[in-house]
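This report describes the spaces, the ligand site and some backbone details of one protein model. The sequence and the structure come first, and the description follows.

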Amino acid sequence: MQNKLLFEASVAGSNSFQLPPLDVPDEMNLPEELLRPDNPPLPDLPENETVRHFTRLSKRAYGVDDGFYPLGSCTMKYNPKINEWAARLPGLAEIHPLQPDETAQGALELMYRLDQALCAVTGMDRFTLQPAAGAQGELTGAMIMAAYHAKRGDAKRTKMIVPDSAHGTNPATANMAGFDVVEVKSNARGLVDVASLRAAMNDEVAGIMLTNPNTLGLFEEDITEIAAIVHDGGGLLYYDGANLNGMLGVARPGDMGFDIVHLNLHKTFSTPHGGGGPGSGVVGVKQHLEPFLPSPLVAKGEGGYYFDHDRPDSIGRLLAFHGNFSVLVRAYTYLLTLGAAGLREVSENAVLNANYLRVLLRDHYHIPFDRLCKHEFIATPSHLKQEYGVTTLDIAKRLLDYGYHPPTVYFPLIVEEALLIEPTETESRERIDDFAAALIKIAAEAEVDASLLQEAPHNMPIGRVDEVGAARKPILRYRATDLV
Ligand SMILES: *Cc1c(COP(=O)(O)O)cnc(C)c1O
C-alpha cells in the first residue's frame, strides 16, 4: 500500500479493532430517522498498517525541526523544547475551561502575568489573550476601532487606510469589519508615502493598519509623522505585530503612537505553527480603548484571580473560551527563559542574520531595497527571468531538491517575482552560508540549463502540483470518483 490512500488500502474484514459487547443499558433513544441504516464506509485496516500509513505520511512533511525554513513574514523560528515541556505540565494541560476560577488559579495567574509582560514588550496597557490567530486579532482590533468611534457618536468613519505593502489579511479584515479600504501607495524607498497618506486622511477615516517593519522588512522611518497625521485627523493606529522579530526589546509600537496592536504568539513567541494552527493573535490596547476589549479579562481581586465579565462596553466574545491556552503557556515560558536582555538579543540576531544573508546574495539576485533591513528582505531573480525565462517559482521548486523549504514567494505584491526571505535569529552562520550557497548555485544552474529549474523538483515524492487547481477546486473528502 506504499502510495495508496487509506481508503484504497482498505481490506474489508481486516478489523483493526474489536469492541467488547455492550455491557450497559442501550439508552440512547435516538429517533429512528436519525439512525444510520448502515455503518459508515470507513477504511478497514489492521493497526500496524494504519500506523505505517500515517508514519509514512509524517515523514514526507517538512517542518522547522527538519531543517531551515526561511518563510518571510511567517517567522518559522526554532521552537525551544522547554516550551513544550511547560505546555504539557498536567496542571496546565488538563484543566477545563469551565472549571471554577478558584480551582484554576495557576492558569489565571499565568494569563495575568503574560498580559503584563506583553504590555512591557509593546508599550500597551492591556491585552486580550482570546483571539485564536493573527487574522482574528486584526478583526478584534478593527471592531474595537468601530466601537470606539461609535461610543463617541462619530458615525461617519467608515474607511480604513491600508498601505499597498500590507499583509493580505489587513484589507480583508478591514473589509470584514465593515470598513471601506483606502489603499495608500508606497514610495520609491518602499515606505508609506506620507503625502498620499495626508491626502487620504479625513473625518471619514476610522484609522490605519500598519506593519512596522513593513512586509518589505523596512522600518517606517516617518512613523511619528504618520501617527500625528492619523491622530490629528481623529483616527486610530493599528499595528500588525504578527512578526515582532525585528523589534523585540529595541522599539515598542506603543511608543511610536500605535493605539492597538496584535501579536502572533505562534510566530514571534515560538509556538510550532504552519498547517493552520493552533495560534494566538493576542491584542493589546492603550488605556483609552481598554473598555472595548473582548470579555472576559483576567483580573486580580482580594480572593485571587478571576474572569471579569463586568465589561459593559466590551465588543463581546471572540471565542467560546479563553484562547488557545497551551500557546499562551509556550509564550510565557519563552519570555521567562529569555528575559529582557535575551529578547533584545533575539531581535539583534534576527536583523543581523537577515542583513548577512542579503549581502551574501546581492551579487547573484536583484535586491530591490538594498539597504539595512530588519528581520526580512526581498530578493528577486529578475535578470534570470529576462535572460533565461526562469521564475521565482522555478527557484523555489529547485530549492526543494537542495533540501530547503523555499522562502515566501510572490509576496508582497508590490514587488514582481518576490522572494521574501526571513532567516530568523535561531539559525547559525554555517546554516545561512549553506543556504546562500544553494541559492547561488541555483542562479548559476539557470544560466547553463534553465530546464533543470523549470522542471524541478526532481527529488521529491511528487513533482509540480496544480496549485491553482488545488486552491480553486479543492478535494476535501474522499470520493473514488474525484480521483480518476
Ligand atoms: C501571519 C501574518 C498575519 C496573519 O496571522 P494568522 O495567524 O495567519 O491569521 C497577519 N499579518 C502579518 C504581517 C503576518 O505575517
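How many cavities of 30 Å³ or more does the structure hold? The structure, which is a predicted model, holds one cavity of that kind.

## The cavity

The largest cavity contains about 130 Å³ of space. Its lining is made up of 13 residues, and those closest to the centre are Met111, Leu129, Pro296, Leu297 and Val298. Helix H5 (105–122), strand E1 (126–128) and strand E8 are the elements that give two or more residues to this lining. Divided by class, the residues lining the largest cavity are eight nonpolar, three polar and two charged.

Pro296 is placed in the loop between strand E7 (283–285) and strand E8 (297–301), and E8 is itself among the elements that give two or more residues to the lining of the largest cavity.

The largest pocket has a volume of about 660 Å³. It is lined by 20 residues, of which Arg60, Lys397, Leu400, His405 and Met460 are the closest to its centre. Helix H2 (47–60) and helix H13 (392–401) each supply at least two residues of this lining, and H13 gives the most, with four residues. In terms of residue class, the lining of the largest pocket has 14 nonpolar, three polar and three charged residues.

The second largest pocket has a volume of about 400 Å³. Its lining comprises 25 residues, and Met76, Pro272, His273, Gly274 and Gly275 lie nearest its centre.

## The ligand and its shell

The ligand is surrounded by 13 residues, with Ser73, Gly134, Ala135, Asp240 and Lys267 as the closest. Helix H6 (residues 134–151) contributes the largest share of this shell, namely three residues. By class, the shell around the ligand has three nonpolar, seven polar and three charged residues.

For Asp240, a polar side-chain atom lies 2.6 Å from a nitrogen atom of the ligand, while an N or O atom in the side chain of Lys267 is 2.7 Å from an oxygen atom of the ligand. The ligand taken alone exposes 380 Å², and the protein buries 86% of that area.

## Backbone details in the loops

A cis peptide bond also runs from Ala456 to Pro457, with omega near 5°. Pro457 lies in the loop between helix H15 (450–454) and helix H16 (467–472).

Thr75 has a positive phi of about 50°, although Thr75 is not a glycine, and its place is in the loop between H2 and helix H3 (81–87). Tyr410, likewise not a glycine, has a positive phi of about 60° and lies in the loop between strand E11 (408–409) and strand E12 (419–421). Are these two residues buried or partly exposed? Thr75 is buried, because its relative accessible area is 0%, whereas Tyr410 counts as partly exposed because its relative accessible area is 32%.

## Two buried residues

Asn353 lies in helix H11 (residues 325–361). At a relative accessibility of 10%, Asn353 falls under the 20% limit and therefore counts as buried. The side chain of Asn353 reaches the backbone oxygen of Glu427 at 3.2 Å.

Phe377 is found in strand E10 (residues 377–379) and is buried, with a relative accessible area of 2%. Between Phe377 and Gln454 there are 77 residues of separation in sequence, and the C-alpha to C-alpha distance between Phe377 and Gln454 is 24 Å.

Conventions. Residues are numbered from 1 along each chain as its sequence is written. This is a predicted model: local features need pLDDT of at least 70, side-chain atom pairs count only at pLDDT 80 or more; totals for chains, interfaces and linings use all residues. Side-chain values use heavy atoms; hydrogens and water are left out. On a 1 Å grid over the protein atoms alone, a cavity is a set of points where a 1.4 Å probe fits but cannot get out, and a pocket is an open set with protein on both sides within 12 Å along at least five of seven lines; lining residues have an atom within 4 Å of a point. Grid points are joined across faces, edges and corners, and a volume is the space filled by probe spheres set on the points. Ala, Val, Leu, Ile, Met, Phe, Trp, Tyr, Cys and Pro count as nonpolar, Asp, Glu, Lys and Arg as charged, and the others, Gly among them, as polar. A residue is near a molecule or strand if one of its heavy atoms lies within 4 Å of it. A polar contact is a pair of N or O atoms within 3.5 Å; within protein, one must be able to donate a hydrogen and the other to accept it, and residues adjacent in sequence count only if both atoms are side-chain atoms. Accessible areas come from the Shrake-Rupley method with a 1.4 Å probe; for residues, only the protein chains shown count as cover. Buried means under 20% relative accessible area, exposed over 50%, partly exposed in between (1.4 Å probe, protein chains only).
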